[in-house]
Amino acid sequence: MSINENCLTNTTPTVHAMIVAAGRGSRFGASIAKQYTMLQGQTLLQHSVARLARSAYIDQCLLVVAADDRTAQTLDFTIPVAYATGGTERWQSVQAGVAAISLTGAADSDLVLIHDAARPAVPSCDIDRVVETAMTEPYGAILATPVADTLKLSYTPPSPQSELIHDHIEQTPSFYIKQTIDRTHTWQAQTPQVFRLGQLRQVLTHVAKQQLSITDEASAFEHLSLPIRLVTGSRQNIKLTYPDDAVLLTAILAAQS
């Protein structure tokens, strides 16, 4: 993929913020979409928009929601928001958001900031730093934290052995340690992730054509060996994934306020 020369020279691009909120959050296990979980009197989505609003680079936000979402437009937000309809997969939702941003007349060298609705505690200074870093890059930058814990690769024994060990005690798969993974160069990806609009559009088109499975937008660039800069973020920027995370987020938000 060629680099647009304008991307290299435009170090003061417009920043277009997008929050992806089209998923259901099946691992969270709640009856409502997790972006509408209430913490300190507001939904996660409202908290996340408010966090973006604290950045000097962001004064409006595009919300990508599910086609059957009837909640988002009933909420009050701290900055003006627009809406786009997301898809089944995350990358499809981001692609829909990119198309909506492009229709506003945005330049290919502009930046698209993508944030998860389920990360309501991202510090505003981290948002500014990842934006400012992306301004100096031809493709983009993401927030991430170096892995601190020991990492284990697991395996599941063949079913006869598993049945012999556990018999009728439990029916869930059993995992055993296969090896320890070197964590020297491992990072946990966070959001916001910030990319040049034109380059992001192209890599998402590649994902669609190749029917790739990706878990974040940076993964799309990785498939094409395009360099994305890592910016060390705060460990307070956790994602609501499991019910226990709500307890931690509540404590973090209280401490930050």
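This is a predicted model: local features need pLDDT of at least 70, side-chain atom pairs count only at pLDDT 80 or more; totals for chains, interfaces and linings use all residues.
The protein chain has 8 helices and 11 strands, where helices (H or I, at least four residues) and strands (E, at least two) are DSSP runs numbered from the N terminus. Of its 257 residues, 46% count as buried; buried means under 20% relative accessible area, exposed over 50%, and partly exposed in between, with a 1.4 Å probe and protein chains only. Among contacts with a separation of 6 or more, 75% come from residues 24 or more positions apart, a contact being heavy atoms within 4.5 Å.

Residues are numbered from 1 along each chain as its sequence is written, and side-chain values use heavy atoms, with hydrogens and water left out. Local features need pLDDT of at least 70 and side-chain atom pairs count only at pLDDT 80 or more, while totals for chains, interfaces and linings use all residues.

- Strand β10 is mostly covered, with 7 of its 10 residues buried.
- In β7, 6 of the 7 residues are buried, so this strand is largely enclosed by the rest of the structure.
- β7 and β10 run antiparallel and are joined by 6 bridges; two strands pair if DSSP finds at least two bridges between them.
- Within that pairing, Thr145 has Gln188 of β10 as its bridge partner, and Ala141 has Val194 of β10.
- β6 also pairs with β10 in the antiparallel sense, over 4 bridges.
- Leu111 stands opposite Arg196 in β10.
- The pairing of β7 with β11 is parallel and spans 4 bridges.
- Leu143 is set opposite Val231 in β11.

**Helix α4**

- The buried residues in α4 are Asp126, Ile127, Asp128, Val130, Val131, Thr133 and Ala134.
- Their cover includes β1 (15-21), α2 (44-53), β6 (111-116), β7, β10 and β11 (229-232).

**Aromatic pairs**

- The structure holds 3 aromatic pairs; rings of Phe, Tyr and Trp (its six-membered ring) pair if their centres lie within 6.5 Å, and planes under 30 degrees apart count as stacked, over 60 as edge-to-face and the rest as tilted.
- Tyr139 and Phe221 form an edge-to-face pair, at 6.3 Å centre to centre and 65° between the planes.
- This pair links distant parts of the chain, 82 residues apart: Tyr139 is in the loop between α4 (124-134) and β7 (140-146), and Phe221 is in helix α7 (residues 217-223).
- Tyr139 and Phe221 are both buried.
- The ring centres of Tyr155 and Tyr176 are 5.9 Å apart and their planes stand at 35°, so the pair is tilted.
- Tyr155 is in strand β8 (residues 151-155) and Tyr176 in strand β9 (residues 176-181), so the pair ties together parts that are 21 residues apart in sequence.
- Tyr155 counts as partly exposed at 38% relative accessibility, and Tyr176 counts as partly exposed at 29%.
- One aromatic cluster is formed by Tyr139, Phe195 and Phe221.

**Second largest pocket**

- Rolling a probe the size of a water molecule over the atoms shows where empty space is left.
- On a 1 Å grid over the protein atoms alone, a cavity is a set of points where a 1.4 Å probe fits but cannot get out, and a pocket is an open set with protein on both sides within 12 Å along at least five of seven lines; lining residues have an atom within 4 Å of a point.
- The second largest pocket holds about 380 Å³ of space, where grid points are joined across faces, edges and corners and a volume is the space filled by probe spheres set on the points.
- Its lining has 17 residues, with Arg119, Thr145, Gln188, Ile238 and Lys239 nearest the centre.
- The elements that give two or more residues to this lining are β10 (187-196) and α8 (243-256).
- β10 gives the most, with 3 residues.
- By class, the lining has 7 nonpolar, 5 polar and 5 charged residues; Ala, Val, Leu, Ile, Met, Phe, Trp, Tyr, Cys and Pro count as nonpolar, Asp, Glu, Lys and Arg as charged, and the others, Gly among them, as polar.

**Ala82**

- Ala82 is located in strand β5 (residues 81-85) and counts as partly exposed at 39% relative accessibility.
- Leaving aside neighbours within four places in sequence, Ala82 is in contact with Cys61, Leu62 and Leu63.
- Ala82 and Val64 are 18 residues apart in sequence and 8.6 Å apart in space, C-alpha to C-alpha.
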